[in-house]
Amino acid sequence: MLHLRLIVPSDRTEEVVRLLERTVGTTHVAVLAGAARSPAGDLVLCDVAREAGDELIGALRKKGIDDCGSITAENIDLTLSKHADEAEQAAPGEGADAVLWEELSEVTHEESTFSATYVAFLAVATMLAACGVMLDNAILIVGAMAVGPEFGPLAGISTALVQRAPRLVARSLWALIGGFAAAMVLTAGFSWLMDLFGLFDAEMVTADRPNTGFIWHPDWMSFVVALLAGIAGTLSLTSAKSGALIGVAISVTTVPAAANAAVAFSYQDFQQTWGSSAQLLANLGGIVVAGTLTLLLQRVLWAAQRRRAPAGRPGPSAG
């Protein structure tokens, strides 16, 4: 379930409480009159089944509660309550299938910010992958994949396309393109520095690399894996399964491909540079396509599921 904490102007509290009481799947409604100071108003608390959360939050936003007060939602890990059980049973659909579009938009917006921290994580991941490709060490490659933060802007692009939010598309594209460009430039400089200290050399680039040679040899399987990873990553975001997202991070060849392209370019091996760049583009494109189609399918299936569900009674609530 979700816990909602609302700050509502005192003259609109009854209107909001009536909305909560009418919403199927809502329970544990409580009003603390005059408890809020900034902004001033009443504090309204309630729990709502996840499958009813998106509709309720949307209705509250239509009433402008986010402008005149505030709407805060939190996931509840444990609720021991007969009222909560009845509310979840009354709400149509399954909570695991519900997508909280407001939450998804907020998460992807935060993860799609071109910031110093984002660039630092991506650059460190790319440098770590550069060490992996030069040493032909698959463990370092996997570690670099796990560190890379690039799935955030990729998910942001997919979400923005489905939600028709051009500003989020532009923001996510800037984070993705600008982030990789900065990381690859820094990695090329890192490669030059490692060569200066005698830790990298040109023979390491051209040597047989049975463990990491696939990075600059893209094929259709690269795109297929990216599609599957995009589906899994999107499902992990919409269901808040962070563990699954880590699995996605170590299954796609984005950061290693960027690293190999940067290192190969620094040694003027343009064949590997182009091959690695093609691998990078195939993976990024596959994830965006899969993520967008997954979100569209989730929206269609959820709408169909709610239409088929029998009309429920209002969830129990207390004023």
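Is Asp-66 buried, partly exposed or exposed? Asp-66 is partly exposed, because its relative accessible area is 28%, and the cut-offs put buried under 20%, exposed over 50% and partly exposed in between (1.4 Å probe, protein chains only).

Before going further, a word on the model. This is a predicted model, where local features need pLDDT of at least 70, side-chain atom pairs count only at pLDDT 80 or more, and totals for chains, interfaces and linings use all residues. Residues are numbered from 1 along each chain as its sequence is written, and side-chain values use heavy atoms, with hydrogens and water left out.

**Confidence**

The chain has an average pLDDT of 88, and 92% of the residues score at least 70; pLDDT is the predictor's confidence in each residue, from 0 to 100. Over residues 311-319, pLDDT stays under 50, and the model has 25 contacts there beyond four places in sequence, a contact being heavy atoms within 4.5 Å. Where pLDDT is low, the predicted coordinates should not be read in detail.

**Salt bridges**

Back to Asp-66: its side chain meets that of Arg-61 in a salt bridge. The term stands for a side-chain nitrogen of Lys or Arg within 4 Å of a carboxyl oxygen of Asp or Glu. The structure holds five of these, including the ones tabulated here.

| Salt bridge | Closest N and O atoms |
|---|---|
| Glu-15 and Arg-12 | 3.2 Å |
| Lys-63 and Glu-15 | 3.1 Å |

Lys-63 lies in the loop between helix H2 (50-62) and helix H3 (65-68), and Glu-15 in helix H1 (residues 13-22), so this pair ties together parts that are 48 residues apart in sequence. For these labels, helices (H or I, at least four residues) and strands (E, at least two) are DSSP runs, numbered from the N terminus. As for cover, Glu-15 is partly exposed at 25% relative accessible area, Lys-63 is partly exposed at 27%, and Arg-61 is partly exposed at 40%. Through shared partners, salt bridges join Arg-12, Glu-15 and Lys-63 into one network.

**Helix H11**

Ser-222 lies in helix H11 (residues 220-238) and is buried, with a relative accessible area of 12%. Leaving out residues up to four places away in sequence, Ser-222 touches Gln-279 and Asn-283. With Gln-279 there is also a side-chain polar contact of 2.8 Å; that means a pair of N or O atoms within 3.5 Å, where within protein one must be able to donate a hydrogen and the other to accept it, and residues adjacent in sequence count only if both atoms are side-chain atoms.

Leu-228 is in helix H11 too, but counts as exposed at 55% relative accessibility. Leu-228 belongs to a nonpolar surface patch with Met-221, Val-224, Val-225, Ile-231 and Leu-235, with about 490 Å² of accessible area together. Patches are made of residues with over 30% relative accessible area and no salt bridge, with like charges joined within 9 Å and nonpolar side chains (Val, Leu, Ile, Met, Phe, Trp, Tyr) within 5 Å; the areas come from the Shrake-Rupley method with a 1.4 Å probe, and for residues only the protein chains shown count as cover.

The peptide bond from Ser-38 to Pro-39 is cis, with omega near -5°, and Pro-39 is found in the loop between strand S2 (26-37) and strand S3 (40-48). In strand S2 sits His-28, which has a positive phi of about 55° although it is not a glycine; His-28 is partly exposed at 27%. Asp-136 also has a positive phi, near 55°. Asp-136 lies in the loop between helix H6 (116-135) and helix H7 (138-147) and is buried, at 16% relative accessible area.
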